Amino acid sequence: MSVDPTPWPGPDKGALFVVTGASGTGKTTLVKAALQAIPSIGWSVSATTRPPREGELDGRDYHFLSHADFDALVADSALLEWAAVYGNRYGTPRAPVAAALDAGRSILLEIDLLGARQVKAAMPEAVLVFVLPPHAGAIEERLRARSTDSEEVIRRRVSQADDQLAGCGEFDYLVVNDVLDAAHVRFQSVLWAELQRRARNPRLVSTFGRV
Ligand code: ADP
Ligand code: 5GP
């Protein structure tokens, strides 16, 4: 059989990935690398009332909103899910997720446990991935090493880590972020495998299959 030189464009039916884990576990680090490596997965830009960190861009990392603007999105049912996390509110705009999935594209949400539960309830076909630290102490070490948050914010995030971790048993996949290179492989393996499910690729079956 000759090899088709056209790169595989991704599956016909996209996946909705939800990535959750305690703050400081390394979710954003893993997600950013995965989105570079797997261009067929899009990123959902959340809305938040949290102020931007240094280096964060409005519209790329988050939509940074006032409380009044966030209230308006909630009132309009414009959020697929939302939750108060570490003293701020965060939510997933509904329309871009629906547009991606309707067009057969995959999309990834990096959201907290309460948000993940809301997405699973609304869309049971979502693929839920939980990122775990190698041990509880790693969360505080990493938040301090990241140097983006005040002492008070770090303390609040560390004290609430257990509440997030407690929900890991509700997820489809558990990825331990110990050695970063290994964690990238584990995380991206989950995403790649899900994209290659037969059920997401009916055109490949109709092209090559006989039964
Ligand atoms: P989260 O998005 O879960 O809050 P980040 O991705 O911001 O976490 O990671 C928190 C900090 O930990 C960052 O400074 C990041 O560079 C660092 N980090 C991520 N993964 C590892 C790892 N495997 N080992 C050590 N440090 C890590
Ligand atoms: P950070 O302030 O570190 O960017 O994010 C704090 C927490 O908010 C993380 O656990 C992150 O997953 C969560 N988060 C970010 N966006 C959303 C969202 O749209 N919805 C929900 N429920 N949580 C979010």
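Tutor: One term before we start: a polar contact here is a pair of N or O atoms within 3.5 Å. Also keep in mind that this is a predicted model.
Student: Okay, got it. Which residues come nearest to ligand 1?
Tutor: There are 14 residues around ligand 1, and G24, T28, T29, R146 and N177 come nearest.
Student: How far is a polar side-chain atom of N177 from a nitrogen atom of ligand 1?
Tutor: That distance is 2.8 Å. T29 also reaches in with its side chain, where a polar atom lies 2.6 Å from an oxygen atom of ligand 1. From the backbone, a polar atom of L180 is 3.5 Å from a nitrogen atom of the ligand 1 molecule.
Student: And how much of ligand 1 does the protein bury?
Tutor: Taken alone, ligand 1 exposes 560 Å², and the protein buries 76% of that. Ligand 1 sits in the largest pocket.
Student: Which helix gives the largest share of the shell around ligand 1?
Tutor: That's helix 1, with three residues. Helix 1 spans 27–37, and both helix 1 and helix 5 supply at least two residues of that shell. By class, the shell around ligand 1 has two nonpolar, seven polar and five charged residues.
Student: Let's switch to the other one. How many residues surround ligand 2?
Tutor: Ligand 2 is surrounded by 17 residues, and the closest are S46, R50, Y62, Y90 and R157. They divide into six nonpolar, four polar and seven charged.
Student: What do the side chains of S46, R50 and Y90 do there?
Tutor: Each has a polar atom close to an oxygen atom of ligand 2: the distance is 2.6 Å for S46, 2.6 Å for R50 and 2.5 Å for Y90. Taken alone, ligand 2 exposes 510 Å², of which the protein buries 96%.
Student: Where does ligand 2 sit?
Tutor: In the largest pocket. Strand 5 (79–85) and strand 6 (88–93) each supply at least two residues of the shell around ligand 2.
Student: New topic: where is S147?
Tutor: S147 is in the loop between helix 5 (137–146) and helix 6 (151–159).
Student: Is S147 buried or exposed?
Tutor: S147 counts as exposed because its relative accessibility is 59%, and the cut-off for exposed is over 50%.

Key:
Residues numbered from 1 in each chain as written. Chains lettered and ligands numbered in written order. Predicted model: local features only at pLDDT ≥ 70, side-chain atom pairs only at ≥ 80, totals over all residues. Heavy atoms only, no water. Near = heavy atom within 4 Å. Polar contact = N/O pair within 3.5 Å; in protein donor to acceptor, adjacent residues only side chain to side chain. Areas by Shrake-Rupley, 256 points an atom, 1.4 Å probe, with all protein chains shown as cover. 1 Å grid on protein atoms, 1.4 Å probe; cavity = no way out; pocket = protein on both sides within 12 Å on 5 of 7 lines; lining within 4 Å. Sits in = over half its atoms within 2 Å of the grid points. Helix = DSSP H or I, 4+ residues; strand = E, 2+ residues; numbered from the N terminus. Nonpolar A, V, L, I, M, F, W, Y, C, P; charged D, E, K, R; others polar. Buried < 20%, exposed > 50% of the residue type's maximum accessible area, 1.4 Å probe, protein only.
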